[in-house]
Amino acid sequence: MQIPYNEKLRPDTGLYNAKLGIWLFLASEVMLFGGLFSAYILLRVGTPFFMSNQSALNVPLATLNTAVLITSSVTMVMAWVSLKSNDLKKYKMYMMITLLCSFIFLIVKYFEYSAKFNHHLYPSTDNFLGIYFTMTGLHGLHIIGGMAVMLYLIGPGIKMWDTNKERFTNRTEVIGLYWHFVDLVWIFLFPSLYLL
Amino acid sequence: MSHDNIEKHVKIYKNVFIALLVFTVITVGASYIHFNAVWLGILIGLLIATVKGYLVAANFMHLNDEKKAIYWLLILTAGFFVLLFFIPILFKGNIVKTQDYFWDDVKVEQVENHGDSH
């Protein structure tokens with residue numbers, strides 16, 4: 001039996017099912033990160049000297065990572081546009097750049113984490129570093145999850161382009177929505193943890 | 001999507017990309033300015049982040065032209081999100097009974113028990 005409304009729009013929602021599905025998932029993600037932001041605010045207003053270890057964070061590296069993630073968001077949306085224009089070659093190029101950006105983001109994060117550990121700064125050191133490692137670590141896991149799906153879509157999953165172009169384009173739009181959300185979370189994490 | 005439409009979208013994406021990079025530079029720059037009040041710096045930082053977030057959501061996630069079902073879903077999410085943020089504030093103002101009350105009760109009990117033993 002075929003899953004309904006993969007390409008055709010459902011009359012009551014006006015959407016294909018995967019799109020409604022990813023938005024429901026993103027709603028649950030808002031609550032997940034929202035809970036952590038809420039915890040951050042509570043700790044910040046309730047803990048004396050909460051921000052004392054903020055100076056240990058590397059602002060230039062985090063700024064670089066912000067630019068890298070914004071770039072990846074643009075290339076992701078351009079990959080989707082390429083499919084809309086029936087240009088698979090460009091799609092592959094943009095997806096590869098997106099993957100490269102996400103890889104650079106993780107490498108930069110690795111250097112950031114290593115520097116903290118070398119200075120004996122761990123999640124257990126204080127409340128600030130505890131929430132810093134929790135939030136950036138969870139965000140990093142989301143990057144890895146997104147990379148796995150992107151690898152599938154330029155690897156074995158790309159075969160679908162030959163059999164069902166519309167469904168493949170929809171799949172790319174769905175991973176794109178997820179990826180932009182991950183970018184959106186970073187846009188708030190960056191000033192909250194590093195700057196303010 | 002027609003060819004003209006695609007070109008229009010690509011132009012918007014490029015402009016948003018530049019705007020996001022500019023706002024990132026402004027965010028970092030603003031963090032070096034010493035504001036008289038701490039809250040003012042935080043407010044400005046969060047305002048810039050909100051503008052950046054809006055640009056991503058409206059353009060890359062196509063929320064400026066989406067179906068009603070998604071808007072309703074997001075309104076519901078926003079409601080629960082605000083509620084989630086208010087829960088700690090309710091605890092902070094002791095509007096909801098917190099552990100402090102519990103510990104106060106324990107202390108009272110301990111004092112009472114201590115008094116009884118003498």
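How many residues does the contact take from chain A, and how many from chain B? In this predicted model, chain A gives 35 residues to the contact and chain B gives 33 residues. On the side of chain A that touches chain B, helix 1 (17–46), helix 2 (59–84) and helix 6 (165–195) each supply at least two residues. Sorted by class, that side of chain A comprises 23 nonpolar residues, 10 polar residues and 2 charged residues.

Turning to the chain as a whole, the secondary structure of chain A consists of 6 helices and 0 strands, so that, read from the N terminus, its elements follow the order α-α-α-α-α-α. The C-alpha trace of chain A extends over about 60 × 35 × 25 Å along its principal axes, and of the 196 residues in chain A, 34% are buried. When contacts in chain A between residues at least 6 apart in sequence are considered, 75% of them join residues at least 24 apart.

After helix 3 of chain A comes A:H120, a residue whose phi is positive, near 55 degrees.

A last stop is A:L193, which lies in helix 6 of chain A, one of the helices that supply at least two residues to the side of chain A touching chain B. Is A:L193 buried or partly exposed? A residue needs 20 or more other C-beta atoms within 10 Å to be buried, and A:L193 counts as partly exposed because it has 18 C-beta neighbours inside 10 Å. Which residues does A:L193 touch, once those up to four places away in sequence are not counted? They are A:L57, A:Y132 and A:M135. As for A:F49, which is 144 residues from A:L193 along the chain, the C-alpha atoms of these two residues are separated by 14 Å.

Notes
Residues are numbered from 1 along each chain as its sequence is written. Chains are lettered from A and ligands numbered from 1 in the order in which they are written. This is a predicted model: local features need pLDDT of at least 70, side-chain atom pairs count only at pLDDT 80 or more; totals for chains, interfaces and linings use all residues. Helices (H or I, at least four residues) and strands (E, at least two) are DSSP runs, numbered from the N terminus. A residue is buried if 20 or more other C-beta atoms lie within 10 Å of its own, exposed if 12 or fewer, and partly exposed in between; C-beta atoms are placed from the backbone. Two residues are in contact if their C-beta atoms, placed from the backbone, lie within 7 Å. Ala, Val, Leu, Ile, Met, Phe, Trp, Tyr, Cys and Pro count as nonpolar, Asp, Glu, Lys and Arg as charged, and the others, Gly among them, as polar.
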